[in-house]
Amino acid sequence: WSSDVCSSDLPVVSGDRLFLLFKSYDDACASAQRARIWTVRLTPDGLGFAAWPRPIIDQFALAPRTGTIENPQMLRVAGRFLLLFSRGDWDSPGYYMSYLFCMTPIGPCGPERNRLVETYRSVRGPGGGTAFRDASGVAWLAYHGWQGPDLCTAYRSDSACARRLFVARLGI
C-alpha cells in the first residue's frame, strides 16, 4: 500500500479529527494503476492511520480521462471542503489546477467545477499549487508554471525555459 504513495499535503482538520490526502500514481511512476486521490483519517497524534484509506477522486471519473491528477490540498470554505488538485501532463501547456467541493474530508466529492488556474499570457501549464493566508488573513495561491519562449514546456540546458513560482490572490 505505502509503495503507491508518491505525494501528500498537510493534514486536513475537521472538528477533532485529522485527515491526510495523498495521490497514488499512474504511469508517471511506471505503474499500471490510474491516478487516484485518497484520504485517510489519522490517529489523534497524527502519526498513524485510524482507518483504511478511501479514494475520493479517480482520474477516470473526470473528463477528460487523460493526464494525471495530483497535488491535493483540501481547505474548509463556508462550511464545505474545497479540494484543489492539478490535472494533465505537467510538461505541457495543458496542465492546470482544478477544484471540486466535498461534503466531508472523506467525500463524497464532485462534480469537478472549473479550472482554478490554467495557461495564461506567458505562463504555461500552471499547477502544483498550495493555498495559504498571509498575516492579514488574505488568501493566496502559490503555484508553478513554465515561463520562457513560446511553447516552452520543457527544461533546456540554456535555462531559457524554466518552471517558475507564481503567487495569485484567491477570492475565498
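This report walks through a few side-chain features of the structure above.

The model is predicted, and local features need pLDDT of at least 70, side-chain atom pairs count only at pLDDT 80 or more, and totals for chains, interfaces and linings use all residues. Residues are numbered from 1 along each chain as its sequence is written, and side-chain values use heavy atoms, with hydrogens and water left out.

Let's start with the salt bridges. A salt bridge here is a side-chain nitrogen of Lys or Arg within 4 Å of a carboxyl oxygen of Asp or Glu.

| Salt bridge | N to O distance |
|---|---|
| Glu-70 and Lys-23 | 3.6 Å |
| Arg-36 and Asp-58 | 3.0 Å |
| Arg-115 and Glu-118 | 3.1 Å |

Glu-70 in strand β6 and Lys-23 in strand β3 (residues 17–24) are 47 residues apart, so to speak of this pair is to speak of a link between distant parts of the chain. Strands are DSSP runs (E, at least two residues), numbered from the N terminus. Both Glu-70 and Lys-23 are buried, where buried means under 20% relative accessible area, exposed over 50%, and partly exposed in between (1.4 Å probe, protein chains only).

Arg-36 and Asp-58 are buried too. This pair also links distant parts of the chain, with Arg-36 in strand β4 (residues 36–42) and Asp-58 in strand β5 (residues 54–58), 22 residues apart. Arg-115 counts as partly exposed because its relative accessible area is 43%, and Glu-118 is partly exposed at 38%. Salt bridges that share partners join Arg-34, Arg-36 and Asp-58 into one network.

Strand β6 (residues 68–77) also holds Gln-73. At 9% relative accessibility, Gln-73 counts as buried, and its side chain reaches the backbone nitrogen of Ala-131 at 2.7 Å.

Next comes the disulfide, a pair of cysteine sulfur atoms within 2.5 Å. The structure holds one: Cys-102 and Cys-109, with their sulfur atoms 2.0 Å apart. The torsion about their S-S bond is about 105°, so this disulfide is right-handed. Cys-102 is buried at 1% relative accessibility, whereas Cys-109 is partly exposed at 23%.

Phe-132, Leu-165 and Val-167 make a nonpolar patch of about 290 Å². Patches are made of residues with over 30% relative accessible area and no salt bridge, with like charges joined within 9 Å and nonpolar side chains (Val, Leu, Ile, Met, Phe, Trp, Tyr) within 5 Å. Val-167 sits in strand β12 (residues 162–169) and is partly exposed, at 46% relative accessibility.

Key
Areas by Shrake-Rupley, 256 points an atom, 1.4 Å probe, with all protein chains shown as cover. Helix = DSSP H or I, 4+ residues; strand = E, 2+ residues; numbered from the N terminus. Polar contact = N/O pair within 3.5 Å; in protein donor to acceptor, adjacent residues only side chain to side chain.
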